[in-house]
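Subject: Structure for your review

Dear colleague,

Please find below the structure that I am handing over to you. My findings follow directly after it.

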Amino acid sequence: MCELFGLTSRKKVSCNEMLKNFFSHGDKNPHGWGLALFFGNSVSVEKQPISAIHSRYLTDRLRSDIQAEHLLAHIRLATKGGIEYDNTHPFVMRDLTDRAWTLEHNGTVFESDILKKYIHVQEGQTDTERILCYLIDEVNLALEKKGADLTDSERCEIVDRVIREVSPENKMNLLISDEELLYVHTNYKNSLYYQKRAIETYISTSPLTLSGWEQFPLNTLIAYRSGEVVYRGEPHEFEFFDSEEKMKYIFLDYAQL
């Protein structure tokens, strides 16, 4: 169910080889690809609802030198929502301060009363977009209450709380950017890895080089700034486990796409 890739670095680094390795997995995740690059308080998102390995645009894009301090990429295996642009990750929404929040997801939301109200306001049909809608609402409530911009710690605490509220019974592998911080979370074993280098940290659903990767901590939100950890939440208890019932649910949803 989808694959995630993220970079956070102190300085710009060349990303082409990592991205080529990542997007080569598009044969197993054929329903869309996306790439988000961050420049100060702006984000540029390129995406298509086709397989990464069949995209002429992406092939040409990866021939040019892609250097970044902060980057997200995604390849999609659809489980909810049709194979179309509005359902292709990553998703971007802005809060009341015009801060861009960018989110991508590997997983499925099976149960969440909290997210149901967003079905009629989202642009696409994915459960992922509903997570972002809820996060933006919570950020905006905090902004209105405070009457000023939120600190790093305050934003981290909101993201942590939202993930804890949605995680029970749901697979919540997430990469989220708020232009400055990269938030990372998994609650499913062996489905997210990281590699720490001198000035940068990479996050990926599966290792993209032969060595240097470690499993990402389970059930714990970790936030990075410029390649370094700046926030580590308390571990929660909502680890996700596959079940026959949930796999049947995914199959039936997929059959309707």
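Strand E5 (residues 91–94) makes the greatest contribution to the lining of the second largest pocket, supplying 3 residues. Please note that this is a predicted model.

The largest pocket has a volume of about 230 Å³. The residues that line the largest pocket are Thr8, Ser9, Lys12, Phe38, Phe39, Gly40, Glu69, His70, Glu179, Glu180, Arg225 and Ser226. Of the lining of the largest pocket, 2 residues are nonpolar, 5 are polar and 5 are charged. At least two lining residues come from each of strand E1 (3–14), strand E2 (33–39) and strand E4 (67–75). E1 provides the largest share, with 3 residues.

E1, E2 and E4 also belong to an open sheet of 7 strands, in which the pairing is antiparallel and the order is E3-E2-E4-E1-E10-E9-E11. Strand E3 (42–48) and strand E11 (214–215) are the edge strands; each has a single partner strand, so one side of each has no neighbour in the sheet. Within this sheet, E1 and strand E10 (residues 200–204) run antiparallel and are joined by 5 bridges. Phenylalanine 5 is placed opposite serine 204 of E10.

Histidine 185 is located in strand E8 (residues 182–185). Is histidine 185 buried or exposed? Histidine 185 counts as buried because its relative accessibility is 1%, where the cut-off for buried is under 20%. A polar atom of the histidine 185 side chain lies 2.7 Å from the backbone oxygen of methionine 172. Apart from neighbours within four places in sequence, the contacts of histidine 185 are Ile163, Ser167, Met172, Asn173, Leu174, Leu192, Asn219, Thr220, Leu221 and His236.

Yours sincerely,

A colleague

Methods
Residues are numbered from 1 along each chain as its sequence is written. This is a predicted model: local features need pLDDT of at least 70, side-chain atom pairs count only at pLDDT 80 or more; totals for chains, interfaces and linings use all residues. Side-chain values use heavy atoms; hydrogens and water are left out. Helices (H or I, at least four residues) and strands (E, at least two) are DSSP runs, numbered from the N terminus. Buried means under 20% relative accessible area, exposed over 50%, partly exposed in between (1.4 Å probe, protein chains only). A polar contact is a pair of N or O atoms within 3.5 Å; within protein, one must be able to donate a hydrogen and the other to accept it, and residues adjacent in sequence count only if both atoms are side-chain atoms. Contact means heavy atoms within 4.5 Å. On a 1 Å grid over the protein atoms alone, a cavity is a set of points where a 1.4 Å probe fits but cannot get out, and a pocket is an open set with protein on both sides within 12 Å along at least five of seven lines; lining residues have an atom within 4 Å of a point. Grid points are joined across faces, edges and corners, and a volume is the space filled by probe spheres set on the points. Ala, Val, Leu, Ile, Met, Phe, Trp, Tyr, Cys and Pro count as nonpolar, Asp, Glu, Lys and Arg as charged, and the others, Gly among them, as polar. Two strands pair if DSSP finds at least two bridges between them.
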